[in-house]
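Please consider the following chain and its fold.

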Amino acid sequence: MGKIITYKTEERIINLDGKSIKYTLLFKNVKNLTCRFKNYENKLYVIAPANYSYTKIEKFLQEHKRAILNWVEKSNQLKFNLTRDFIDGEKYLLLGQEYLLRINKVYKKQEEGISFDANYLVLKTTKDEKEYKRKILEKYYKNIAQRIISEEFQKLKNKYSGKIPNSSEYSLYIRKMKTKWGLNNSKTRTITIGFHLIFACIEDIDYVIIHELCHCAVRDHSKLFYSYQGMLCPDYQERKRDLNKNIHPFICQIEMLDSLI
Ligand SMILES: [Zn+2]
C-alpha cells in the first residue's frame, strides 16, 4: 500500500446513549473504518475510507458505543490537567510526589535549571518560551532518571545476584520507551528501563527492576517467575496497581515531554 493521504478532516458530534461525544473524522485512503483514542490530547479520532457515508460511520460508532463511552468516562476521571504550557500551577510528578510548577525568571544562563521549594518545582529560565522551558525540564528529568534508576539497579542487582540465576551478567540501559516500563533481553544480557519511570516512587521503580531481574532466571510469566517475584517484592501487586492507576494516566497526558516518553 502506498502513502496514506488525508482527504478531509471534520469535527463532528454523535449522540451515544444520550451523551454528546465529539470526534475528529478523517477521510483517508484506507480500507477499514477504525477509531483511536488519544489520551494525551483527550480526543477521539475516527478514520474512514474516503467513500464511506456518514450513516455508515455513525452506525459503526453506535456498534462500538460501549468502548467509546468507557474511554470518555475514564478520560474524565484523569486527575491531571491536560494542557502543558509550562506555566505556573501545572502539576508534575517526580518520584511519586506531586509538585506544582513555578516559573522563575533568571538573567544568566548558568542560573537556569530546576530547584524545589516545598511542593513547588521551580523552573528557572532566562526565556519565557514554551519550547525553551520544556527543554530545561526534560533535561532535569533525564539526568535524575539516569542517576536514580542506575543506583537502584546496581543496589538490587548486588543484593539479589545470589538469589536470581544469571542476573549478575546483566547491564542496564535507560532510554525512552513508549509502551513498557522495562524490558529484559537475554541475547544482549541487558535490562532496559524507560526514563518515564522516574515519575513513580522508588518502591515502584524497584518493583520494575526486580521484575526484569527475575526474567534473567525465568523468561516467561510462569508460576516459577511469580514465585521469584513474590519472594523478592512481596507487594508487587500494589506496585503494579499504583503504576497503572496513578502514574500511567499522568504519562499519557504529558506526552509533551517528548524526549522522555
Ligand atoms: Zn515481565
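In what order do the three strands of the open sheet that contains S9, S10 and S11 lie? The order is S9-S11-S10, and the pairing within this sheet is mixed. On average, and with direction ignored, neighbouring strands here are turned by 20° against each other. S10 and S11 run antiparallel and are joined by four bridges. Within this part of the structure, Gly-182 stands opposite Ile-193 of S11. The model under discussion is a predicted one.

Two helices may be described together with this sheet. H3 packs on the sheet, where it touches S9 and S11, and its direction makes about 155° with that of S9. H4, by contrast, lies across S10 and S11 and runs at about 20° to S10.

A wider view places these elements in context. The chain has six helices and 11 strands, and its C-alpha trace spans about 65 × 55 × 40 Å along the principal axes. The chain is divided into domain 1 (6-81) and domain 2 (91-257), and the C-alpha centres of the two domains lie 33 Å apart. Of the 261 residues, 23% count as buried. Among contacts in the chain with a separation of 6 or more, 46% are between residues 24 or more positions apart.

The next sheet to examine is an open one of four strands, arranged in the order S1-S2-S4-S3 with mixed pairing. Strand S1 (6-16) and strand S3 (34-38) are its edge strands, and each pairs on one side only. Neighbouring strands of this sheet are turned by 30° against each other on average, direction ignored. S1 and S2 pair in the antiparallel sense over 10 bridges, and Leu-16 stands opposite Lys-19 in S2. Helix H1 (residues 54-63) packs on this sheet and touches S1, S2 and strand S4 (43-49). The direction of H1 makes about 50° with that of S1.

Leu-26 gives a residue-level view of this region. Leu-26 has its place in strand S2 (residues 19-28). Is Leu-26 buried or partly exposed? With 19 C-beta neighbours inside 10 Å, Leu-26 counts as partly exposed, because a residue is buried only if 20 or more other C-beta atoms lie within 10 Å of its own. When its neighbours within four places in sequence are left aside, Leu-26 is in contact with Thr-6, Thr-9, Tyr-45 and Ile-47. The C-alpha atom of Leu-26 is separated by 45 Å from that of Val-218, a residue 192 residues apart from Leu-26 along the chain.

A hairpin is formed by S5 and S6. These strands, S5 and strand S6 (residues 97-105), pair in the antiparallel sense over four bridges. The bridge partner of Leu-93 in S6 is Glu-98. Two residues lie between the strands of the hairpin, in which Leu-95 takes a positive phi near 50°.

Helix H4 also meets another helix. The axes of H4 and helix H5 (residues 223-232) come within 9 Å and cross at roughly 145°, and the crossing is right-handed. On the H4 side the contact is made by Ile-210, His-211 and Cys-214, and on the H5 side by Phe-225, Tyr-228, Gln-229 and Leu-232.

The account ends with the interior. In soluble globular proteins, nonpolar side chains tend to be buried together. The largest nonpolar core has 36 residues, and those with the most contacts inside it are Ile-149, Leu-197, Ile-209 and Leu-213. At least two residues of this core are supplied by each of strand S5 (91-94), strand S8 (120-125), helix H3 (130-160), strand S11 (190-194), helix H4 (202-214) and helix H6 (236-253). Leu-213, with its neighbours within four places in sequence left aside, is in contact with Leu-156, Lys-157, Tyr-160, Ile-164 and Ser-167.

Notes
Residues are numbered from 1 along each chain as its sequence is written. This is a predicted model: local features need pLDDT of at least 70, side-chain atom pairs count only at pLDDT 80 or more; totals for chains, interfaces and linings use all residues. A nonpolar core is a set of buried Ala, Val, Leu, Ile, Met, Phe, Trp, Tyr and Cys residues joined through C-beta atoms within 7 Å. A residue is buried if 20 or more other C-beta atoms lie within 10 Å of its own, exposed if 12 or fewer, and partly exposed in between; C-beta atoms are placed from the backbone. Two residues are in contact if their C-beta atoms, placed from the backbone, lie within 7 Å. Domain bounds come from an automatic or database domain assignment. Two strands pair if DSSP finds at least two bridges between them. Axes are lines fitted to C-alpha atoms, for helices over the stretch in contact, and angles run from 0 to 180 degrees between N-to-C directions. A crossing is left-handed if the near helix is turned anticlockwise from the far one by less than a right angle, and right-handed if clockwise.
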